[in-house]
Structure formats: structure tokens, C-alpha cells
Amino acid sequence: MINSKLKIGISSRIINAENYDEKRDAISHDWPQLLEKIESNIIFIPNSLTNVEDFLNDIGVNGLILSGGDNIGDDQERDDTEIKILNFAIKNKIPSLGVCRGMQVINKFFNGSIKKNNNSSHIANSHVINLINNNIMSLLKKNSLEVNSFHNNIITNSNLGKNIESFAITDNDKTIEGFFHTILPIVGVMWHPERDFNNENQLIFKQIFNKKLFWNE
């Protein structure tokens, strides 16, 4: 029987195991549940691989996710692994999504930067984002969404990376909550779709991993 489900690889955060002198890769239980809902299989990408490219080639991923949690620079092994994942995605034109920290990784990869927010307005505080791209407005049949927010780093138009265009901005401070690469099938969102299984997030995921949302393939 042929399995038609997409195989989506996802990066993991690194944690220190309680009562053990060792580091472990970890991912929220929310992620498998969300990818199950969009009829995709999840592949966990270890941070200790000697050759990330060989691993991804061997399992034949159709999509890639840079997960959220923690900050860039907290653990060099994770930073290095996610750069290798991005390089693989670009080389093989694999549709990819960065979530929160993952979006920040993508922006820095393309020579953008991130800023520390000067208040706590984005920490554990849902807010409205305005959609400013016709493709996503047409898909969702609306021009705004209410999304969760768990970050204290922000991206603005002035520090976007090369060939990156925003598609969603916050209603209150106009910081960027969603962007896409204009040439490559790469998307970033600052909210955590895995923590909210609503129809909008599921629609966005399906379109991204079929390379249809912004690139009209």
C-alpha cells in the first residue's frame, strides 16, 4: 500500500534532563497532534547527528519545520543543526516553516536581524494580526486573525532579511508576525500554530507544504 502522507521533519529544542547528567532533545506533544490533523507524518530531527543532510535524504522528507522555544545562541548544537536543515531545504527546494524562534533563525539566515521587545506585550498575550497578502486573505477569506503570542524578540520591516516579505503584522505595534521568502518555499510565523488547532492554522500548513500559498506552483 502506498503511503501518500507527507513526511515533515521538525527540529527539537535541547533540555537538561532532571536527575541525569545529560542533554536531551525535546518537542511539545502538540506537534504530532497538529501534523496528524493535516494528514502528515512527523520526523524528529536529532541535534546530535554527524550528517544532517544524509539523514534528511535517507528519510525522504517532503517538508521541514524549525520549531520554537528558547533563543538563538542558547545551544550551539541546535543552532548548527537548524542552519544545516535550512541549507538542505534550500538545496532541495523543500517547503519549510519557522515557528517563533524558527522564524527568527530564518530571518538571520537571510541577513536580517531581531530586536528585543522593550515591553511584555507579546508574552503569553493573544493579539490580532492583520493579513497584508492577497493570497492568504483569499485562502482564509478574512483580513485578520487572533493568534497566541509567547515571544519577546521582534522583527520589523527595517530588519527583514534579503528577499523576505511580510504577510502579517500585529495590530498594536506593527511588528511582523508572518513572512515568506519571495523566491524559495520558506515561511515564518511568530505565533505557535501547534498550540491552537484551528481551521486557519491547518489551512495555512497544508498550503505551505504543498508550495501553493505564496508561490503559485
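1. Ser144 is the bridge partner of Asn130 in S9. On the other strand, S11, Asn130 has Ile169 as its bridge partner. The model is predicted: local features need pLDDT of at least 70, side-chain atom pairs count only at pLDDT 80 or more, and totals for chains, interfaces and linings use all residues. Numbering starts from 1 along each chain as its sequence is written, and side-chain values use heavy atoms, without hydrogens and water.

2. S8 (residues 127-131) pairs with S9 in the antiparallel sense over four bridges. S8 and S11 (residues 164-170) also pair in the antiparallel sense, over three bridges. Pairing requires at least two DSSP bridges between two strands. Strands (E, at least two residues) and helices (H or I, at least four) are DSSP runs, numbered from the N terminus.

3. The open sheet has nine strands, ordered S4-S1-S5-S6-S13-S12-S11-S8-S9, with mixed pairing. S4 (40-45) and S9 are its edge strands, each pairing on one side only.

4. Side chains alternate along S9 (residues 144-147). Leu145 and Val147 point to one face and are buried (under 20% relative accessible area, 1.4 Å probe, protein chains only).

5. Helix H1 (residues 30-37) lies across S1, S4, S5 and S6, at about 150 degrees to S4. Helix H4 (residues 101-109) lies across S5, S6, S11, S12 and S13, at about 115 degrees to S6. Contact means heavy atoms within 4.5 Å. Axes are lines fitted to C-alpha atoms, for helices over the stretch in contact; angles run from 0 to 180 degrees between N-to-C directions.

6. S5 (63-66) and helix H3 (76-92) each give two or more.

How values were computed. Buried < 20%, exposed > 50% of the residue type's maximum accessible area, 1.4 Å probe, protein only.
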